[in-house]
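Please work through the exercises below with the sequence and the coordinates at hand. Each task is followed by a solution in steps.

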Amino acid sequence: MTEPDTEFIKILTQGGGDKMPQQRSSAKPMPEVLPILSLEDIVIYPGMIAPLIVESAQSVQLIDDAVAGDRWVGLTLQKRTELKSPNPEDIYTIGCAGKILKMLKYPENIVRILIEGTRRFKIISFEEKSPYLKAKVQYIEEKIEKSIEIEAMARKALEMFQQIIKMTPALAEQIKVAHLTTSNPGHLADLIASNLNINLEERQTLLETIDVKQRLSILIPLLAKEIELLNIGSKIQSEVANAMSKTQRDYYLREQLRAIQKELGESDPVAVEVNQIREQIEKMELSEEAKTVALKELERLQMLNSAMAEYAVIKNYLDWILSLPWNKITQDNYDLDKAAKILDEQHYGLKKVKDRLLEFLAVLKLKQELKGPILCLVGPPGVGKTSLGKSVAEALGRKFIRMSLGGLRDEAEIRGHRRTYVGALPGRIIQNIRRVESKNPVFMLDELDKIGSDFRGDPASALLEVLDPQQNNSFVDHYLDIPFDLSRVLFITTANWIEPVHPALRDRLEIINIPSYTATEKYHIAQRHLIPRLLDEHGLKPSQVKIYPSTIKTVITEYTREAGVRQLERELAALMRKAAFGISRNGNKKVILKPEELESLLGQPEYKTESAEKIVDCGIAIGMAWTPVGGEVLFVEVTRMPGSGKLILTGSLGDVMKESAQIAVNYLRSQAEKLKIDFSDYDKTDIHIHVPSGATPKDGPSAGITIITALVSLLTKRPIRSNVSMTGEISLRGRVLKVGGIKEKVLAATRYGIKEVVLPEDNRGDWSEIPNEVKEKTKPHFIKQIEEIFPIVLTKEKKK
């Protein structure tokens, strides 16, 4: 059963019928057995007249039978609203007896009735369940005692409800009058409950509360809650209305101000600003497309009120267009000797990079419209890739921009956000160009290999247009949405490792590899650059600190083992702090730093003096590896034990390295007779290959020759010479194949104290890249076939 609309209430309340309960008090006694009409979303109280809609067939039959008889029905609330034909356990036992005053029938078997509640009852038992529920009921008399407390509570409830009536104009007029004329506290509580905005459970609780005092004590907090909610709603409505009226008032006052200024002959501030922007547009040498867009946006700006949000958006957009250096360039320094001097003063070595930059400058001198190349400096950390960018800018006489790409994941960082977004801005490319106010700066994109990507897009893909000399003359930022010429920009990118870079992006780069520094190069860098800068940073003068050359060399060999010079700089900075402390505290005029004092100043040396570890056991070989942070020396250990012919690989090896180990074992098994190796008990033993530093992941094919040499050493019981290291990929046909990173690997081997290296024959050309000082200390062996390495590295004496 549900409540009908107000139109139906008007229809039912027209015409005759019993209107006052008092007129029926002389009628015959109320029946003990009532047909039970279950209600879904309403609770009927005594004295309450309510319209209802009856739709189910059982309930329609119940109404027909009741109207044909004495018109009495029992009204109870369902425990669950979704039930169409509730059972006895699905309804509350406390309800209200009601008399049908009016009934109207509609098509589709729908009945609408007007019913009046009279008395509370309690269901004792159910007499019938079909075709509808009939129950024996016991009528409940209200418990009421006349006392000052109940009268005070009734007055308070009436006062609070009158306050609700004033705040709720929608309450019907007859309801307002009924509450004002009711003197019975119980009847008053029922009438208030029937018209209060509370949930069904709270309504049922009030119906089941027989004691009038207790009913009023439940009702008053509910009235207080409703008043508080109405007050908050009224406050919100008032604030919204005030805000709207203030906006309208401000607009009206501004229009009046415009009219007054016009009458007085004064200029409109918006018109003045628009004229200034127009003059700037005409004065600047914008591209044709940029000028057209700027003038179009200016026309829109002129039509807007300055208080509108869109006014600020368009004004900010025009400011960005007018602040960009569309044709503003810095004059290049074409003096090649001066440029070469600047590069040599600030960086030691790096001949390839310097030559490439001087070549670019020479071509630019002959053809000044040359598009800038996209250089990519690849090398381990600390070799001067980033600082080289500043030196290039200084040598060319250009502005310098550095933008770190490490951890960049949002494409909008490159291309910007579209203007439809709140707080949109151009990307960092355009932002940096605007900051330096030059169309041809040196733009360094640092850490290119550390770009990420997620749901916001792929920044590497956005860089494809930026770093393509054939396309970047019309780079379109999403915010500006007009082409900007980046072809005059000299882009320099840096990376520790080129492999993670997107292949399409890698194809656009001119890659220049920067190798690790040798010990001699580190010494010269420390003397020329690091020590003078550290002296200045620590407030020291060259006359106050003397560092012996042997001290610097000892720091390089025993306290650092790196590709670059960052750790060397930190160790030298520690020495400067010690010197500053001695001068400041002890009043020393001069501090002399000697090699023998390093242990007391810097602690125990972290690395041994460079001499290779002595190998005394069979099955141990020294290999060379390349990493993004420089070359490394790695050991391969092999052992054999009783088993079932399994190959065990440990040391965090990657798939490629595992395949190299399998190739090594299979090659030896196939060539056992030729190599004089006894493999007759292969299926009775297990071979275990381990590469130490197990927590460090390792992969790549270049350890193949090292693994097979360690296996031959174990199987022939001949140890490998300690001063030899090797690198090379192997094939099942016994060939030794070319590998990369030869320079880094050989430099690492030299740092470790290795005197001889075994390299693939195809890498002979890479030997020319090795510094002369390393060539003098290291003897190379170039091999084509696997069997060529064994006479070189294995000792002649067998070990028992």
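Predicted model: local features only at pLDDT ≥ 70, side-chain atom pairs only at ≥ 80, totals over all residues.

**Exercise 1. Overall description**

Task: State how many helices and strands the chain has, and what share of its residues is buried.

Solution. Step 1: the secondary structure comprises 27 helices and 24 strands. Step 2: of the 800 residues in the chain, 46% are buried. Step 3: among contacts with a separation of 6 or more, 75% join residues 24 or more positions apart.

**Exercise 2. Confidence**

**Exercise 3. Surroundings of I36 and I123**

Task: Decide whether I36 is buried or exposed, do likewise for I123, and list what each residue touches.

Solution. Step 1: I36 belongs to strand β1, residues 33-39. Its relative accessible area is 5%, below the 20% limit, so I36 is buried. Step 2: beyond four places in sequence, I36 contacts L62, G74, T76, I91, F121, I123, L133 and A135. Step 3: W72 is 36 residues from I36 along the chain, with 9.7 Å between their C-alpha atoms.

Step 1: I123 is located in strand β5, residues 110-128. With a relative accessibility of 8%, I123 is also classed as buried. Step 5: residues up to four places away set aside, I123 touches I36, T76, I91, Y92, T93, A135, K136 and V137. Step 6: from I123 to Y92 the separation is 31 residues in sequence and 8.7 Å between C-alpha atoms.

**Exercise 4. Backbone geometry in loops**

Task: Describe the peptide bond from S130 to P131, and report the phi angles of N109 and D481.

Solution. Step 1: the S130 to P131 bond is cis, with omega near 5°. P131 sits in the loop between β5 and β6, the latter spanning 134-139. Step 2: N109, although not a glycine, has a positive phi of about 60°. The loop that holds N109 runs between β4 (94-106) and β5. At a relative accessible area of 42%, N109 is partly exposed. Step 3: D481 is not a glycine, yet its phi is positive, at about 60°. D481 is placed in the loop between β10 (475-476) and β11 (483-484).

**Exercise 5. Packing of α22 and α24**

Task: Characterise how α22 and α24 cross, and identify the residues that make the contact.

Solution. Step 1: two packed helices are described by the angle and the distance between their axes. Step 2: the axes of α22 (residues 655-670) and α24 (residues 704-716) come within 9 Å and cross at roughly 40°. The two helices are therefore oblique to each other. Step 3: the crossing of α22 past α24 is right-handed. Step 4: from α22, the contact involves M657, S660, A661, A664, V665, Y667 and L668; from α24, it involves G704, I707, I708, L711, V712 and L715. Step 5: sorted by class, this contact has eleven nonpolar and two polar residues, and no charged residues.

How values were computed:
Residues numbered from 1 in each chain as written. Heavy atoms only, no water. Axes fitted to C-alpha atoms, helices over the stretch in contact; angles between N-to-C directions. Helix = DSSP H or I, 4+ residues; strand = E, 2+ residues; numbered from the N terminus. Parallel < 35°, antiparallel > 145°, perpendicular 65-115°, else oblique. Left-handed = near helix turned anticlockwise from the far one by under 90°. Contact = heavy atoms within 4.5 Å. Nonpolar A, V, L, I, M, F, W, Y, C, P; charged D, E, K, R; others polar. Buried < 20%, exposed > 50% of the residue type's maximum accessible area, 1.4 Å probe, protein only.
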